[in-house]
Amino acid sequence: MSAPKMDFIADVRGLFDALSADVLGQLRAGEELTINVSAEESLFVRFNNNRVRQNTDVAQIDISLQLQADARTVSKSRTLTGSVDVDRPALTRLLEQCRDEIAVLPLDPYQVPLQNNGSSSEEFRGHLLAPQDVVSAVVAPAAGCDLAGLYAGGSIIRANCNSMGQRHWFATETFFLDYSLYNGPQAAKGCYAGSRWDDVEWAANLTRTKALLALLSRPQQSVKPGAYRTWLAPRAFSDLLGMLGWNALSASAWKQGHSPFKKLAEGEARLSPLLSIEENFSMGLTPRFNSLGEVSETRLPLIERGELKSLLVSSRTAKEYGLVANGASGREGPRAMDVPGGTLDEEGVLQALGTGLYLSNLHYLNWSDVVSARVTGMTRYACFWVEGGEIVGPISDLRWDESLYSALGDKLLALGARAEIDPATDTYHRRALGGCRTPGALIEDFTFTL
Amino acid sequence: MSAAQTMLTQTSTKSAITYALQAADWAAIRHASETTTWRSIRNGKPDSNDTSLDEGAMCEVLVDGHFGYAATADRSLAGLQRAFDRAIATTRATSQHKAQAFTAHERPRAVGNFRSARQRDLDALSLAEITDCLLAASQAMQLSDLLVNRTASAMLVQTQIDYFSSNGSETHQSFDMLDITLSATAVEGSESQTRSWSRTGQFGGEVFDRAVLVEQAERTAREALALLLAENCPSGRMDLLLMPDQMMLQIHESIGHPLELDRILGDERNYAGWSFVKAEDFGCLQYGSPLMNVSFDPTREHELASYDFDDGGNRATREMLIENGVLKRGLGSLESQLRSGLPGVANFRSASWNRAPIDRMANINLEPGTSSLQDLVAQVEHGVIMHTNRSWSIDDYRNKFQFGCEYGQLIENGRLGRVVRNPNYRGVTVDFWNRLAGVGRHDEMFGTPYCGKGEPSQVIRVGHASPPCLFRDVEVFGGQS
């Protein structure tokens, strides 16, 4: 038995075109409809001790309809089989179910009238490993290593259209290998991602992580809770800034009393002039259109030299609170966060740190006090005690608890000169798009509590 | 699905399994169909009305001693055969590097039906009834202009899982689940406080009770306003009385996850993390005080993660994990039991048709003790009682945790005192559980639909029942605001 060669992206595009034309053609007077399609064909291989724990092929296509009629709004989605003949009547039933609910729902005062936000089409073809070649390509250079992690690769598609004539298409073929190497209980983290697998690049990536792991063989250091000068390497700083996607930059969260950056939004606080943050879709990590098909500016400044320039405002929030929408998704979190680098060269990081903590990664962050923008979390993977600009040895995991008004404010001493892309490796429900680009950050008196 | 469609699916399923056996040593198909409806009313107006239908099939094969998977939403015979082709080709290639050799022994023959307890099917509940209840609850929270957010929402889930295997398994499991949440946020100046209430479990439409929702909505709103005026929780070491809606989180993070055998075996090291628990700890580790008894119980009616069979066909039974404080058993499937040589449970569970099963919690419950709530309060000279989780974080070995709650009240000389806001506490797992000094005699069931784990990642439903519990001399602290 052998699977026939198929082009998933072309097949889904054909399905999207046929189904959207069919269902839009069924609309009645006074009805407006938005259609979104999300699809992937992915291979997931999970590794433990450089051996395969589980392998899963997934092909899935989801479609959602948002129907507006009589000043009411309803959304329904379903899985598609990929067969036009099977999916067409299923979609007709879904539209009928939307109509049934519209008839009994209350008025939606914040409904966003549909418009034609333009059209776009982007396809990024990659050069991925054939499924049967993935494991040998991953494990051969890692022979002798205790490697744990996940390879995920394949096609990802997002498409959108509406009854006003708007149409967007985004398809990409990518992979990532999110992994860690172990030396007993100690570990170093790595990630190799892209659209073209290259054995030489993978081997080089692995070599860098092995070098980091080797540093963990130095004598274990015992560090007591307290405030320490701390270097957050780019991935750790990315983890910290990831909290901004949890209500901090959301306009609706601000208006509804859930924003950790309420004081920033209302001009009662500011962050360090060293820090600027923008949405930067020119990185090409994710499509510019959102689920309404609205297209964000290519670059949208959020924080400029410590001052809030803009929160992320969805059209629905804009209508409810009289704000100006800026292409944000309904969740109002950054989709392509970009933080420009600062002045601290990579070679000078340890010298600038002097004595303190070098943190490669953080873990399990959460707001511990929303009003003061305080975040708690753990150190994870390769984290070291540094003295006199020299790495002394690895530390045991420490809990920290710190306000972002401080860590990104007066306590921020410098940003690294080189910013690194941290691609999204989220695989809940489906492979995510997106990611962010951040430098490292040198912070004074970062607070460790346990 | 109509009877004719069901018959067609069963016929194509059995034909597809026969087809797979041309190249596989064993094969199975797990069909999953799940309808989820979200209804939300915020400040008396509709916020969302969404429904999703997620359905497909996971085709599983055993090839050269290795289990492999391929998921498809095309459940025609041709679609299932194509999925089996993919699963077999990939699994044959990966089996040369398998972590462990398995046999069909890890997929026992299972036959049976399960239907979650309910009096009224969720799909018999009209949209008008739901909207009316949620509107009434949202409006009942309108006690003050300071309450800027008054949300009443419900998630209704109906799931059907049908499992067939080449060694004769055929199980059909049907679940109705409900998660109702009320939330009130009060804001004044730069201060903001949120109070919430939830009911989560395997229920039918019978629990959609307008009077109960209105009563809870009013209390929730009153308490949010009270928090706005309250002082910060004091800092220092003191006794801590945790109510069941915080105990669920404490159990989940510091008992459930560290006892998962796949974590102990290192599968999860690159994502959710490892565990401080070692294989040699089972049978001897004094995990907590002698008052601590913890069960794995997927048999309890109405708790969120009750079922008869896991996704590998293993029949689910109640098992004790910790008895009199001593660690007895881990949370590991038949695969993990073979790999570790340790006793486990029926917990090989997947989030959906598109994910392979892994070791998960189901219902993890702390067994009731003998004290009334008044008894527990009376035992405290200086302490705080905390309700309802709002913040959670724990390290990747499940040792150092820090949790925060919505609502606190001081306890002085055996009596409840004034309300305090931003109550938090932190500790280290085994030390903390050995501080358990009192266990209430009445438990309450809670649960979450959003336990995250795995590569690729999965969210799954878990249930936790617990009485109020008293812990001695814990590090407690408040907020900065």
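1. Ser77(A) has Ser52(B), a residue of β2(B), standing opposite.

2. The model is predicted: local features need pLDDT of at least 70, side-chain atom pairs count only at pLDDT 80 or more, and totals for chains, interfaces and linings use all residues. Residues are numbered from 1 along each chain as its sequence is written, while chains are lettered from A and ligands numbered from 1 in the order in which they are written.

3. On the interface, 79 residues of chain A are in contact with 68 residues of chain B; contact means that the C-beta atoms of two residues, placed from the backbone, lie within 7 Å. Strand β2 of chain A (residues 51–69) supplies 11 residues, the largest share of the side of chain A that touches chain B. That side divides into 32 nonpolar, 28 polar and 19 charged residues. The classes are Ala, Val, Leu, Ile, Met, Phe, Trp, Tyr, Cys and Pro as nonpolar, Asp, Glu, Lys and Arg as charged, and the others, Gly among them, as polar.

4. Helix α2 of chain A (residues 84–102) has 19 residues and reaches 26 Å from its first C-alpha to its last, close to the 27 Å expected at 1.5 Å a residue. The expected span is 1.5 Å times one less than the number of residues. Asp87(A), Leu91(A), Leu94(A) and Cys98(A) of this helix are buried. Seen down the axis of α2(A), the buried residues fall within an arc of 55°, so they line one face of the helix; the arc is that of the directions from the helix axis to the C-beta atoms. On the other side of α2(A), Asp85(A), Pro89(A), Arg93(A), Glu96(A) and Asp100(A) are exposed. A residue counts as buried with 20 or more other C-beta atoms within 10 Å of its own, as exposed with 12 or fewer, and as partly exposed in between, with C-beta atoms placed from the backbone. The buried residues of α2(A) pack against α1 (8–24), β2 and β3 of chain A.

5. Helix α3 of chain B (residues 127–140) has 14 residues and a reach of 20 Å from first C-alpha to last, close to the 20 Å expected at 1.5 Å a residue. Its buried residues are Ile130(B), Cys133(B), Leu134(B), Ala137(B), Ser138(B) and Ala140(B). Viewed down the axis of α3(B), they fall within an arc of 165°, so they line one face of the helix. Their packing partners are β1 (26–42), β5 (147–165), β6 (170–188) and α4 (210–229) of chain B.

6. In strand β5 of chain A (residues 146–162), 16 of the 17 residues are buried, so the strand is largely enclosed by the rest of the structure. Strand β1 of chain A (residues 32–48) pairs with β5(A) in the antiparallel sense over 14 bridges, and Glu41(A) stands opposite Ser155(A) there. β5(A) is also joined by 16 bridges to strand β6 of chain A (residues 167–183), again antiparallel; Leu147(A) has Leu181(A) as its bridge partner in β6(A). β5(A) and β6(A) form a hairpin with four residues between them, and Gly165(A) in the turn has a positive phi of about 105°.

7. Most residues other than glycine have a negative phi, and most peptide bonds are trans. Tyr381(A) is not a glycine, yet has a positive phi of about 60°. Tyr381(A) lies in strand β14 of chain A (residues 374–387) and counts as buried, with 27 C-beta neighbours inside 10 Å. Asn324(B) has a positive phi near 50° and lies in the loop between β11 (319–323) and β12 (326–327) of chain B. Asn324(B) is partly exposed, with 13 other C-beta atoms within 10 Å. The peptide bond from Glu455(B) to Pro456(B) is cis, with omega near -5°; Pro456(B) is found in the loop between β21 (444–453) and β22 (458–466) of chain B.

Conventions:
Helices (H or I, at least four residues) and strands (E, at least two) are DSSP runs, numbered from the N terminus. Two strands pair if DSSP finds at least two bridges between them.
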